[in-house]
Amino acid sequence: MDDSVLTNSGDDALAGRGSLILAVGMVLAVLASALDMIVPPIGIPVALFVTWLTMRLTGGGWSTLGMGRPRSWVLTIVLGLGFGLLWQLSFILIIGPLMEGSDSGPDLSRFEAIKGNLQMLAVYLGVSWTTAGFGEEIVWRGLILGGLGRLLGGGRAAWTVSLMLMAVLFGALHFYQGVVGMLLTGVTGLVLGILYLATRRNLWVTIIAHGTMNTVAFLLLFFGFEI
């Protein structure tokens with residue numbers, strides 16, 4: 001997004017219009033994402049279309065969301081893979097043992113069909129890198145977090161509030177995983193948001209990290225491990 005659309009002091013009407021379009025686009029993207037949690041895989045493609053339309057109407061492009069070319073593809077890939085593996089490993093070594101023997105873990109019954117089913121594994125691995133890794137990062141970290149931070153002024157407090165609100169909404173929309181699942185997903189969204197901000201709002205690291213996390217999780221489910 002061209003920031004002048006939101007901050008051009010010479011045209012207050014244009015700035016106001018750009019801010020309104022951005023705000024409406026974010027709300028519609030959240031609603032579309034909620035639809036995806038109920039009737040997948042419709043919602044995320046709709047949310048991506050809303051994101052694209054919002055960028056067009058505000059005079060921006062994909063690079064504004066963080067899809068610009070990174071300085072080093074090698075470093076980006078290494079960081080994304082390493083972070084994704086490390087985060088998923090922490091779930092296995094820390095979260096898993098804490099929940100062992102209890103019924104309070106996340107509800108993953110939605111993915112029950114993947115166990116031992118190679119065809120379903122292939123489907124979910126595809127989802128890991130498309131609607132989940134690619135789509136959710138553009139919508140949630142790029143549009144929601146990035147857009148809200150800009151709307152609130154772009155200062156440290158603005159990014160902090162935007163980060164927390166994004167994480168809460170991201171977790172809440174995974175309601176089908178139960179309360180614990182929402183909490184864990186919210187924390188994951190928070191961590192991915194921090195990673196997005198730490199890499200100067202470039203989405204490629206978080207896309208790779210998100211896809212890696214889901215890939216490891218689905219492989220574990222396929223082989224019958226509890227996560």
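Predicted model: local features only at pLDDT ≥ 70, side-chain atom pairs only at ≥ 80, totals over all residues.
Q: Where is the place of Trp87?
A: Trp87 is in helix α5.

Q: Noted. Is Trp87 buried or exposed?
A: Buried. Its relative accessible area is 19%, and the cut-off for buried is under 20%.

Q: And how far apart are Trp87 and Val191?
A: In sequence, 104 residues separate Trp87 from Val191. In space they are 9.2 Å apart, C-alpha to C-alpha.

Q: Let's zoom out. How many helices and strands does the protein chain have?
A: Nine helices and zero strands. Along the sequence, the pattern reads α-α-α-α-α-α-α-α-α.

Q: How much of the protein chain counts as buried?
A: 45% of its 227 residues.

Q: Tell me about α9. What does it span?
A: Helix α9 covers residues 203-222, so 20 residues by the numbering, and reaches 28 Å from its first C-alpha to its last. That is close to the 28 Å expected at 1.5 Å a residue.

Q: How many residues of α9 are buried?
A: 18 of the 20, so α9 is largely enclosed by the rest of the structure.

Q: What happens at the start of α9?
A: Asn202 reaches in there. One of its side-chain oxygens comes to within 3.0 Å of the backbone nitrogen of Trp204.

Q: And what comes just after α9?
A: Gly224, with a positive phi of about 85°.

Q: What about Thr215?
A: Thr215 is found in helix α9. Its relative accessible area is 17%, so it counts as buried. Its side chain also makes a polar contact with the side chain of Trp129, at 2.9 Å.

Q: New topic: rings. How many aromatic pairs does the structure hold?
A: Nine. One of them is Phe49 with Trp52. Their ring centres are 5.8 Å apart and their planes are at 35°, so the pair is tilted.

Q: Where do Phe49 and Trp52 lie?
A: Both are in helix α3, residues 43-57. They are three residues apart, about one turn of the helix.

Q: Why does that spacing matter for direction?
A: An α-helix has 3.6 residues a turn, so residues three or four places apart point the same way.

Q: How accessible are Phe49 and Trp52?
A: Phe49 has 48% relative accessibility and counts as partly exposed. Trp52 is partly exposed too, at 33%.

Q: What about Phe175 and Tyr176?
A: They form an edge-to-face aromatic pair. The distance is 6.4 Å centre to centre, with 80° between the planes. Phe175 is partly exposed, at 40% relative accessibility.

Q: Which residues do ring pairs link into a cluster?
A: Phe111, Tyr124, Phe175, Tyr176 and Phe218.

Q: What lies over the face of Tyr176?
A: Arg110, at 4.2 Å from the ring centre. Elsewhere, the charged end of Arg141 sits over the ring of Phe170, 4.5 Å from its centre.

Q: Last topic, pockets. What volume has the second largest pocket?
A: About 270 Å³.

Q: Which residues line the second largest pocket?
A: Among them are Arg69, Pro70, Arg71, Ser72, Thr199 and Arg200. Asn202 is in the lining as well; that is the residue at the start of α9.

Q: Where does the largest share of that lining come from?
A: Helix α5, residues 73-99, which gives three residues.

Conventions
Residues numbered from 1 in each chain as written. Heavy atoms only, no water. Helix = DSSP H or I, 4+ residues; strand = E, 2+ residues; numbered from the N terminus. Expected span 1.5 Å × (residues − 1). Buried < 20%, exposed > 50% of the residue type's maximum accessible area, 1.4 Å probe, protein only. Polar contact = N/O pair within 3.5 Å; in protein donor to acceptor, adjacent residues only side chain to side chain. Phe/Tyr/Trp six-rings, centres within 6.5 Å; stacked < 30°, edge-to-face > 60°. Lys NZ or Arg CZ within 6 Å of the ring centre and 35° of its normal. 1 Å grid on protein atoms, 1.4 Å probe; cavity = no way out; pocket = protein on both sides within 12 Å on 5 of 7 lines; lining within 4 Å. Points joined across faces, edges and corners; volume = space filled by probe spheres on them.
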